[in-house]
Amino acid sequence: MVTAAELPRLDEPSAARITRLWAFLRRHRLFVAFLALAFALRLVTMLGYGPALWFNDSYEYVSGAVNPDRPSALRPNGYSFWLLLLRPLHSFALVTFVQHLMGLGIAVLVYALLRKKFGLPGWGATLAAVPVLFDAYQIQLEHLIMSDTMFMLLVVGVITLVLWHRKMSWRLGAVVGLLLALTALTRSIGLPILALVVVYMLVKRTGWKTITAMVTACALPVLGYMAWFASAHGNFAMTNSDGAILYMRTALFADCKKMAVDPRKELELALLCISAPPSERDFSGQKYLWWAQNGQRFHAFGVGSTFTPEMNQAAGTFAKRAILSQPLDYLAIVAGDFFRAFHWGRPRFPDANTYRQYEFLPENKILPAWASNRGSTDTDALKYDPGLRTALIRGKTSVIGTEVHDPWGVFMQGYQRVVRLPGIVLGVLLLIGLAGVAVRWRKLGGPLLLPWLASFGLILAPAATAEFDYRYLLPAVPLACMAAAIALRRGFARPGSMATPGALPTPGSAVDTDPPADTDPLPESAPESGPLPEPSPLPVPSSMTTPDPLPAPGSAADPGFLPASGSMTGPGFLPVPGSVTVPGSAAGRPGSPAMPGSSIRPSSETAFASTTASAE
């Protein structure tokens, strides 16, 4: 007999994929709806402000992409390298579109980590991602030709990778190290995050191979960049601006009399002394670094001699002397800038011009014709994107970097006045995360220690080394939301605490069937623990039982019958304290006798087994 096999239907695999996709979207429908709405807001931004928004630092990044043969003395060229990768497409609109996708990607990482690894409900994980999705200043930052969105994605990506894997191989450690190297080359403040990750891995008792691979993978690209920098500028470093920026931090309080600067022996330091007394100086230190006006001693030798190795070293030495000589003045000004981040409003700081660059403005942006490495800032932008429109303004051809189109532009201007994350809310999120760290003090904060420290450090570091700026706050927001959500996952209950006798297990408790990832107290090097053995029931003297004269073999009344381990009752047996009642057993049936003093609470062995089995 011959049978013909039925030909497979070619549309079945695709239909199955579509079915799985719809099931996935239904499970995460709230977040998907919010993600779609956030994407629509970013499309409106692109329609209203084409092709991009600009900040004062934007032109240096574009110049680095147009002239990639020389590193910048001011800041690392990581973002310029990324612009260089997109340069063949000659479109700033494409750059901002990809950056908007990066912003949405940050929200996806936050949601996925909290939902999958820490067991938050869909609404809770979505709420943690809301600031990244809808904050108007976050959307505006993504539309700027600036490195901050790329830096934010790299930082959140590193934290997510480290928290996602309970055990890290050396290969994964190398991947994390490469991401940290990209973070440091994007913004130099990213390098200290390597130290935070290393400390966290040491607390987790991660193997030395993983830590070594991570540090090596991070160090090699950074050292290679520093060697390239040395070939161009003569000193082995990443920038020639760290000392100068620290000088800006101390410019408001540095007093050369208190510093005991001797002009005859320390002429380089004496030239940096500001003659005006501290009480009469400007409210922002940026005036004494960037603007070559009368009284700004940093520009005493001319604009072209500012960011050189010699000037950077002298400025750094001056700043360190000021900090050591006037520590209380330094701490006061750092504290003032740190707590400035937590205001409800948004004061104009450091000046009106800088403040306006973070706003959706109603007018077009004309690019300035400042001197760059090999030309001017406006011509560099035109080389990168020949599609930029030019216009004759005051008898000179000018490049228009931003064109405002209504009604989209008007909509985003109104949206920004209403939808933003106030600084005080960021402060509350940090306090919630700190409370979670304190509750988990036996485990040194557990998994929420890393995102909380990273968020806190990203706010404190600019206040300590540079000056307050609103864009420095935004990378800390998703990490603060992440830490607060992890802290609230169990309502600040002590990790591993047992349920009260007779109480039903609640989500996130020790007997929860799906406990969060932070309930696992074991280090990476510790062996996996299996369930503890159930205690055997103890026999009761035969005088306590009344056997049936003719017991059925194998029945519960048979003296030789042994009930299942862990059952509470049975002829000839006493219940074990803390044992679990098995549904359907003798004690669970109506009318069956229960032994005096018996308990129906879950046993500690069962709870421990449940926690250990599902923490992975």
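How many salt bridges does the structure hold? In this predicted model, local features need pLDDT of at least 70 and side-chain atom pairs count only at pLDDT 80 or more, while totals for chains, interfaces and linings use all residues. Residues are numbered from 1 along each chain as its sequence is written, and side-chain values use heavy atoms, with hydrogens and water left out.

The structure holds 12 salt bridges, a salt bridge being a side-chain nitrogen of Lys or Arg within 4 Å of a carboxyl oxygen of Asp or Glu. One of them pairs D148 with R471, whose closest N and O atoms are 3.0 Å apart. Because D148 lies in helix α8 (residues 148–164) and R471 in the loop between α21 and α22, this pair ties together parts that are 323 residues apart in sequence; helices here are DSSP runs (H or I, at least four residues), numbered from the N terminus. D148 is buried at a relative accessible area of 0%, and R471 also counts as buried, at 7%, where buried means under 20% relative accessible area, exposed over 50% and partly exposed in between (1.4 Å probe, protein chains only). Both residues belong to a network of salt bridges that links D57, R75, D148, R187 and R471.

A further salt bridge joins R321 to E266, with the closest N and O atoms 2.3 Å apart. R321 is located in helix α15 (residues 309–325) and E266 in the loop between α13 (256–259) and α14 (267–270), so that parts 55 residues apart in sequence are tied together. R321 is partly exposed, at 23%, and E266 is likewise partly exposed, at 23%.

Key. Helices (H or I, at least four residues) and strands (E, at least two) are DSSP runs, numbered from the N terminus.
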